[in-house]
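Please read them alongside the coordinates.

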Amino acid sequence: MNKRQTEYLYAAVVLIVLTAAAIVNLGYVVGHTSNIPQPENNSAVPANSSVIQVLGYQWAWQFTYSNNTTTTDVLYVTAGHEYTLQVQSRDVIHDLLIPSLGVQVYAVPDHPNQVSFEPEKAGKYIFECVEYCGEDHYLMRGYMVVSP
Amino acid sequence: MSTETMLILVGILVGVVSVAIFYVYYLVSTRIETISNVAEEEGYPDRTVFIRDSLYGKPRPLSWSILFYDDAKSIGLRYIFTGLLFMFIGGAFGVLMRISLTDPNPTIISPTIYNILLTQHATIMIYMFAIGMAMGFAYYILPSRLRLKRDNMGHLSSVAYWMWVLGGTLFVLSKSSMRWYMYPPLSLQLTPFGAGAYNWLAVIAMELIFMGMVMASVIVLKIIFIDRADDIPLSQMPVYGWAVVFTLVMLVSSAPPLMVGLGMLFYDFFNPIFFVTSTSTPLAFAILFWFWGHPIVYIAVIPFFGLMYDIITRFTETKVYSYFSAVLSLGLLLILSELVWGHHLLNSGLGVDWVIFFTTASFIVVIPSALTIFNMIATLWTAKKIRLTTPMLFVINAIFDFIIGGIMGVMLADDPINQAVHGTYFVTGHFHFIFVGLTLGVSMAAFYLLFPTFSNGRVYDERLAKWHFYITAVGSFLMSFSWAVGGFLGMPRAVAGYFAYFQPYQDSAILGGVIIGIGQLVFLYNIAKSWSTEPATDPYNILEYRTETNQVMGGGK
C-alpha cells in the first residue's frame, strides 16, 4: 500500500464510523422529538402525559403539579407514567439536569421550554442546575422521588 | 500628624518623584538622541525603522528592552512571557478552586470567591494564556521562518499588545463572577451575588482584549501574506504558517459578532433593551457568544497543531507524512468549526431541526481532526528514528491526550449523551484533556525548544524538564479522567459545593490538579535556575532558521 492509499483507507474508516454515529443520533432525535427540549409554543404535549410546571429562580427549583400543589427542590413522580416538564425561569438562565434519566432542559426567562420523560424504576435520584447562575448556583439541586 | 508635617512630607514626595521622572526622561531622551544619530549615519531618515531593521532576523533574547522596541520578535516575546505570567495566575486560581472543593460544602473558600476564581480561571487561560502563546509564537517564529522582507507595523502590534494586556488586567481587577459565557441577565446583575459589582468593567475589559486580538491577527496575516520572502510560495509555506493563517482567519471572522454583542451588553447596563425578556431574549446573546465561543476553542488548538508538526519533523528528521492532507485538514477545521457552535446550546430549546443540523455538523468536524492526528502518527510511524527529548515527550503526550479528549468530544456530539452529560464535569474533562495535554503541553514544548534563544544561549536542566513533563502528564490525566468518570454520573461543573456522593471523583481530580500545579513549579524552578547559569550554547535554535540578510530594508539604504 502506498502513502496515498493508506490515507484514503484511513479517511474512509473515519468517515464510516462517524457516518454510522451520525445516523444513529439522527434516528434517535427524529424518533424521540418529545424527549428533546423544545420551545413550548411549537410543540404539543404528548397524550397521556401529566404536565409539571417547573420554575427556576435564584436559587431553587419549584415544581407545580397538575393538581396545583407545589414543591420546592423535590420532584415527586410515579414510575411508568409519562411526564412533561414545562420549564421557565424568573430571573437568569438556568439548566435543569436529571442525570440518571438523561433529561436536560434550559430554563430561560420568557422562553418556556418543554421536555417529556418517563421514569421506569422507583427510587430517589438527584437533579441539579448545570448552568452557572450566581452565588448559590451549587445549592440549586434536589431529589426526584419516583414512587412505584 | 499635623497639617504642616503632612504638607512637608507631600512636598518632599512630589519633589523626589519629579526628580525621578526627570532622570528617566533624561536617560530616555539621551538614548533616543544617540540612536537617532547612529540611524542618520546609517542613512535612515526614521529612527524606529532603523531599530527594527537592526533587530529583526536576529535571535532576540529576553530583556526589558522588548517592552520598548516594536520589532516583531520583541512583540512575540512580550506575548509569550505575558501568556506565561497569566498561566501562573490562572493556574493558581485553578489550584485554589480544587483546594476549596476538598469539602463538599464551601467552607474553605466562600461561594462568592469561588465563582470569581471560576470566571477568572477560564477567561485568563483562554484569552491570555492560549491566545498569548498562539500570538507570541506566531510573532516570534514566523518572521525568521518566512524571512520577512519588511517589518513595518510594529507600532500597531504594540498598541494591540498593550490593549490586550490592559484588558486582561482589568478583567482580573473587575472581580467579575459572570463565568466566561457572560450570559445575560446574570451578567447584568451588578451585585456580589450575581456577576459582581464591577462587572461593567469586565465587559469593557473583554472588548479591549477583543480589539487587541483582532488587530494583532490582521497584522500577523499581513506579515504572512504580504511580507513573506519572495522565494517562499504559499504552497511551500511550513505547516505552522498555514496553521497560523487558518487560526487568525477564524479569529477575525468570528470575533465581530461577539464584539457587537458585548457592546450591546454594555448598553444594557444603562438601558436594558437588547438581551432582556420584554424586547428580546437572553438566548440571543448566548448564540452570539457561541458563534465566537466555539471557534475560540479551536483557536487555542490549531496553532499548536502547527507547532506539533514542526517539532515532530525536527526530532524525527523527516518530512510531514502528507503536507497536502495536513494543510487541507487544518483548512477544513477552519470552515467546519464555524458551523458547530449550536452544540453548546442543544438543550436550550433550539428545536429539533437545529439539533439535527448541529449534531451532524459536530460529527463531521471530527474528520479533519482525525486526519491531523493520523498524519502526525504516520509521520512518527514512518520515521527512521525518534529522539525522545522533553519537547518530543510533550508532543507525544499531546497526541495521546487529544485522542482521548477528541473521542469524548464525539460522544458529546451525540444528542442523547449530550442531554445526560452537558453541563457536567464530563465536558470539563473533555476540554482539559485537550487544553492541558495539547495547548499547555505544546506551549511548554515550544518554550523548551526556544529557551536557549530566549535566554541568550543558556541551557535548561534536562532532568528537571523531564520531571516537569512526567508530573504534568500524570496530573493532567488523573484530573481529566476523574472528571470524565464523575461527569458521566452527573457531577455538575462550575459549582462551589456538591453532593457528598461525588466526593471520590472530586478528590482524585483535586489530587491531579495539585500535581499539575507542582509540575509547573518544577518548570519555574528549572527556568529560574537555568537563567542564572552561564551561556553554554549557540542561541540559535531549531525552530529559528538562520536567516541570510538578503532582505529589502524597511527604509534607509
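1. This is a predicted model. Taken over C-alpha atoms, the centres of domain 1 of chain B and domain 2 of chain B lie 19 Å apart. Domain 1 of chain B is built from two segments, 42-179 and 197-264, while domain 2 covers 301-547.

2. The contact between these domains involves 49 residues of domain 1 of chain B and 55 residues of domain 2 of chain B. Together the two domains of chain B bury about 4400 Å², and carbon and sulfur atoms account for 72% of that area. On the domain 1 side, R98(B), R145(B) and V239(B) contribute 16% of the area buried against domain 2 of chain B, more than any other three residues.

3. Residue pairs in polar contact between the two domains of chain B number 12, counting pairs with both residues at pLDDT 80 or more.

4. Which elements give two or more residues to the side of domain 1 of chain B that touches domain 2 of chain B? They are α3 (72-100), α4 (111-145) and α7 (239-270) of chain B. The largest share, 14 residues, is from α4(B).

5. By class, that side of domain 1 of chain B, where domain 2 of chain B is touched, has 33 nonpolar residues, nine polar and seven charged.

Note on methods. Residues numbered from 1 in each chain as written. Chains lettered and ligands numbered in written order. Predicted model: local features only at pLDDT ≥ 70, side-chain atom pairs only at ≥ 80, totals over all residues. Heavy atoms only, no water. Domains from an automatic or database assignment. Contact = heavy atoms within 4.5 Å. Buried area = accessible area lost by both parts, 1.4 Å probe. Polar contact = N/O pair within 3.5 Å; in protein donor to acceptor, adjacent residues only side chain to side chain. Helix = DSSP H or I, 4+ residues; strand = E, 2+ residues; numbered from the N terminus. Nonpolar A, V, L, I, M, F, W, Y, C, P; charged D, E, K, R; others polar.
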